[in-house]
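Subject: The structure you asked about

Hi there,

Have a look at it first, and then read on.

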Amino acid sequence: MAKSSPTFACQTCGAVTPKWSGKCETCDGWNTITEEGAAPPLGSGAARRSKGRKFALEDLKSLDAPPPRRVTGIAEFDRVTGGGLVPGSALLIGGDPGIGKSTIILQALGEYVKQGGHAIYISGEEAMAQVRMRAARMGLSDAPLMLGAATNVEDILATLEAGRAPGIIAVDSIQTLWTGALDAAPGTIAQVRTASFDLVRYAKASGAALLLVGHVTKDGQIAGPKAVEHLVDAVLYFEGERGHHFRVLRAVKNRFGPTDEIGVFEMTGTGLSQVANPSALFLGDRDSVAPGTAVFAGLEGTRPLLCEIQALVAASSFGTPRRAVVGWDTGRLAMIMAVLDARAGVGIGSSDVYLNVAGGMKIGEPAADLAAAAALISSFGGEPLPRETVFFGEISLSGDTRPVPQAELRLKEAAKLGFKSAYIPKGTKADGAGLKLTEVNTVADLLIFAGTGRAKKRGMVESNQ
Ligand code: TYD
Ligand code: MG
């Protein structure tokens with residue numbers, strides 16, 4: 001019989017190799033490969049394999065109505081999950097350490113039990129006293145939430161199976177979990193995966209909704225939640241900029257609801273509070289309008305979201321101009337600048353360019369192109385953009401604009417917040433919701449914002465020659 005040999009796995013990307021090396025060939029990470037215990041030799045199972053048991057196959061049509069979802073009562077959280085947690089499902093909440101994952105979980109469970117639900121919170125990171133202190137701060141001390149501090153999966157399962165199955169069980173975090181079945185250290189991919197799998201199996205069998213918390217670390221020392229994303233039914237990411245109070249809970253995978261849905265929260269001294277009208281929050285105070293700020297009518301999932309894009313084009317004092325982008329894609333900015341240069345004669349390639357999305361919001365939509373281009377032109381020309389105006393539209397390399405989805409929804413939100421006009425891509429078929437609509441054909445059309453129009457445009461071209 002072949003001898004079983006140890007295997008090695010990269011803790012960042014999960015690639016398996018037969019021997020240790022300092023660098024992972026798959027993801028090029030250094031020092032990320034660790035031993036993961038012995039893999040059974042190929043074919044060794046054949047001799048021991050017993051004959052399988054037959055199981056019944058059923059048709060698609062269900063006879064019973066699906067069990068009701070478990071609504072936590074925190075509307076922003078429930079929306080992201082697609083209308084509450086599905087019994088027997090598993091949900092992973094990932095995010096940077098310290099972003100507020102434990103806080104949101106504790107709050108969601110607290111609200112759930114306050115309405116008569118049965119929930120258990122297992123903390124592997126914090127002692128009971130710490131969790132209690134946090135709960136007291138959030139005014140949840142009296143909530144009948146069951147608390148436990150444990151990291152061993154066998155212990156957790158034994159405890160769960162001994163009592164009444166909870167409506168929701170939260171385990172914080174998967175990186176602290178370990179099972180005695182493996183030799184690997186806690187936090188390795190094998191441990192995280194096996195432990196999560198056991199918990200998911202418990203959830204499916206008992207009908208409890210499982211919430212798993214996973215840290216995302218940049219240095220890759222701890223196995224990332226990526227390793228368990230395929231095991232769970234839904235993956236939410238909790239994100240936000242450090243130094244900002246806003247936190248965005250974003251669905252990236254959901255077997256029971258829409259993805260790209262977001263919930264917006266604000267971190268306060270007494271936990272996270274929901275932000276029902278995020279547009280108003282991200283726009284902030286817009287009484288003074290400076291050159292270089294454009295309002296983008298964006299969309300997050302099913303939800304329109306207005307935010308301010310700020311650009312600053314300044315003379316560069318170094319040989320290599322600086323580029324700094326917060327909340328947007330650096331590559332996208334480079335593209336817009338190149339298109340502005342080539343198609344509209346706005347040469348800002350040798351200037352320092354800063355682009356910032358106000359409020360710590362992150363934008364992933366190409367629809368923000370037009371707003372970013374308008375902000376850049378406005379900053380370069382030194383002329384503020386017209387007040388009470390929103391922008392949206394994608395820009396192609398030819399300089400033409402392209403329509404974006406859900407134009408009507410974006411316009412409605414803008415109208416609701418008191419905006420009067422909108423610059424939209426050509427070919428947009430939408431009811432203006434009372435806004436004055438202006439179709440932008442190419443980026444060159446945006447030069448009307450560069451100060452005194454065409455004359456200014458010539459000035460720009462000359463100044464760059
Ligand atoms: P936490 O939920 O512990 O983060 P995670 O579980 O993702 O690591 O959140 C920790 C941060 O939140 C910490 O920096 C303090 C802050 N915080 C508040 O500002 N107010 C509060 O009421 C609570 C509970 C935390
Ligand atoms: Mg935590």
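In what follows, helices (H or I, at least four residues) and strands (E, at least two) are DSSP runs, numbered from the N terminus. This is a predicted model, in which local features need pLDDT of at least 70, side-chain atom pairs count only at pLDDT 80 or more, and totals for chains, interfaces and linings use all residues. Residues are numbered from 1 along each chain as its sequence is written, chains are lettered from A and ligands numbered from 1 in the order in which they are written, and side-chain values use heavy atoms, with hydrogens and water left out.

Glu 388 sits in the loop between α9 (369-381) and β17 (389-391), and its phi is positive, about 55 degrees, although Glu 388 is not a glycine. Asp 172 and Ser 173 are joined by a cis peptide bond, with omega about 0 degrees; Ser 173 belongs to the loop between β7 (168-172) and α6. For context, most residues other than glycine have a negative phi, and most peptide bonds are trans.

Now the ligand. Ligand 1 has 16 residues around it, and those that come nearest are Gly 98, Ser 102, Thr 103, Thr 268 and Gly 271 (near means a heavy atom within 4 Å). A polar side-chain atom of Thr 103 lies 2.6 Å from a ligand 1 oxygen. Backbone N or O atoms also approach oxygen atoms of ligand 1: that of Gly 269 at 3.2 Å and that of Ile 99 at 3.4 Å (polar contacts here are pairs of N or O atoms within 3.5 Å). The elements giving two or more residues to this shell are α3 (101-114), α4 (128-137) and β11 (262-268), and α3 provides the largest share, three residues.

Finally, a helix pair. The axes of α5 (residues 153-162) and α6 (residues 189-206) come within 10 Å and cross at roughly 10 degrees (axes are lines fitted to C-alpha atoms over the stretch in contact, with angles from 0 to 180 degrees between N-to-C directions). That makes α5 roughly parallel to α6, because angles under 35 degrees count as such. Val 153, Ile 156, Leu 157, Leu 160 and Glu 161 of α5 meet Ala 195, Asp 198, Leu 199 and Tyr 202 of α6 (contact means heavy atoms within 4.5 Å).

Best wishes

Methods
Polar contact = N/O pair within 3.5 Å; in protein donor to acceptor, adjacent residues only side chain to side chain. Parallel < 35°, antiparallel > 145°, perpendicular 65-115°, else oblique.
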